[in-house]
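Below are some notes on the fold, written as numbered points. Please read them with the model open.

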Amino acid sequence: MADGDNTQIDREIQNLVNKLNERIGKLYQKRKVLENAKGSEIKALKKDRDEAWKLKSSLLNESGDTRQEIANVNNWLDQKTLLSGDDQDEGYNFSVLIVDDDLTVRDTNRRLMMSVETQKQLTMEFQEAKNGKEAVYLNLAGASYDLILMENHMPIMTGIQATQRLRKMGVKSQIVGISSESDQQAFIDAGLDNCIQKPLDIAKITTFLSDPNKRKRTDTSQA
């Protein structure tokens, strides 16, 4: 009887160890996602710093068309001030998560959003995820977004799967799918607010970003 009890205890211990290992693995994955996201922000800061040094050097060297150099610097400063919100004492930062496995597409979508941002004099914050699983982990880790631009066809976790998971978690963000015409209905049924056919452009963005200030997060709780 004692041997049977010990065997049962050993099984329970092993089961718990397996569960803890699984949990540790998931936590490690979440940490990597957050580190990657933070890494993207650091790269953006370094890029801005390098651009600023380059513009400063062009002014001091006085090479070429001085008036054009001055105009370039003023335009750059105006854009960065608008993006960072440094000229606003109080304001609302409209946060956007761009989810796509293709770096070129993520960069393109960011630039398109920034063009609309400038036109509407908004202040946006951008973050990126390379697949649906990263998007889910970012929300599980406490991140919250006003808008999630979600590609469907991605490795590891598709946009449809990620959208279903996010809605089950109670995420209230506006989720806009970017997909081909053939799978739009399935994508919408997963819980999208809107589905845009590829390719994304400024005109399409304005259809779901007519007034971002009215689309502020009303519930950022995660289940």
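1. Strand E1 (residues 94-99) and strand E3 (residues 147-151) pair in the parallel sense, over four bridges. Leu 149 is the bridge partner in E3 of Ile 98. Two strands are said to pair if DSSP finds at least two bridges between them. Helices (H or I, at least four residues) and strands (E, at least two) are DSSP runs, numbered from the N terminus.

2. The model is a predicted one: local features need pLDDT of at least 70, side-chain atom pairs count only at pLDDT 80 or more, and totals for chains, interfaces and linings use all residues. Residues are numbered from 1 along each chain as its sequence is written, and side-chain values use heavy atoms, with hydrogens and water left out.

3. E1 also pairs in the parallel sense with strand E2 (residues 124-129), here over six bridges. Within this pairing, Ser 95 stands opposite Glu 125 of E2.

4. How many of the residues of E1 are buried? Six of its six are, so the strand is mostly covered; buried means under 20% relative accessible area, exposed over 50%, and partly exposed in between (1.4 Å probe, protein chains only). In a regular strand the side chains alternate between the two faces of the sheet. Phe 94, Val 96 and Ile 98 are buried on one side of E1, and Ser 95, Leu 97 and Val 99 are buried on the other.

5. The five strands form an open sheet with parallel pairing, in the order E2-E1-E3-E4-E5. E2 and strand E5 (194-197) are at the edges and have a single partner strand each, so one side of each has no neighbour in the sheet. On average, and with direction ignored, neighbouring strands of this sheet are turned by 20° against each other. Axes are lines fitted to C-alpha atoms, for helices over the stretch in contact, and angles run from 0 to 180 degrees between N-to-C directions.

6. Strand E4 (residues 174-179) pairs with E5 in the parallel sense, over four bridges. Ile 178 has Ile 196 as its bridge partner in E5.

7. Helix H5 lies across E3 and E4 and runs at about 150° to E3. Thr 163 lies in this helix, H5, and is buried, with a relative accessible area of 0%. Leaving aside neighbours within four places in sequence, Thr 163 is in contact (heavy atoms within 4.5 Å) with Met 150, Ile 175, Phe 187, Ala 190, Gly 191 and Leu 192.

8. The axes of helix H4 (residues 132-140) and helix H5 (residues 159-168) come within 8 Å and cross at roughly 15°. H4 and H5 are therefore roughly parallel to each other; angles under 35 degrees count as roughly parallel, over 145 as roughly antiparallel, 65 to 115 as roughly perpendicular and the rest as oblique. H4 contributes Gly 132, Ala 135, Val 136, Asn 139 and Leu 140 to the contact, and H5 contributes Ala 162, Arg 165 and Leu 166.

9. Two loops deserve a check. Ile 156, in the loop between E3 and H5, has phi near 70°, a positive value in a residue other than glycine. Ile 156 is exposed, with a relative accessible area of 66%. The peptide bond from Lys 198 to Pro 199 is cis, with omega near -5°. Pro 199 is found in the loop between E5 and helix H7 (202-208).
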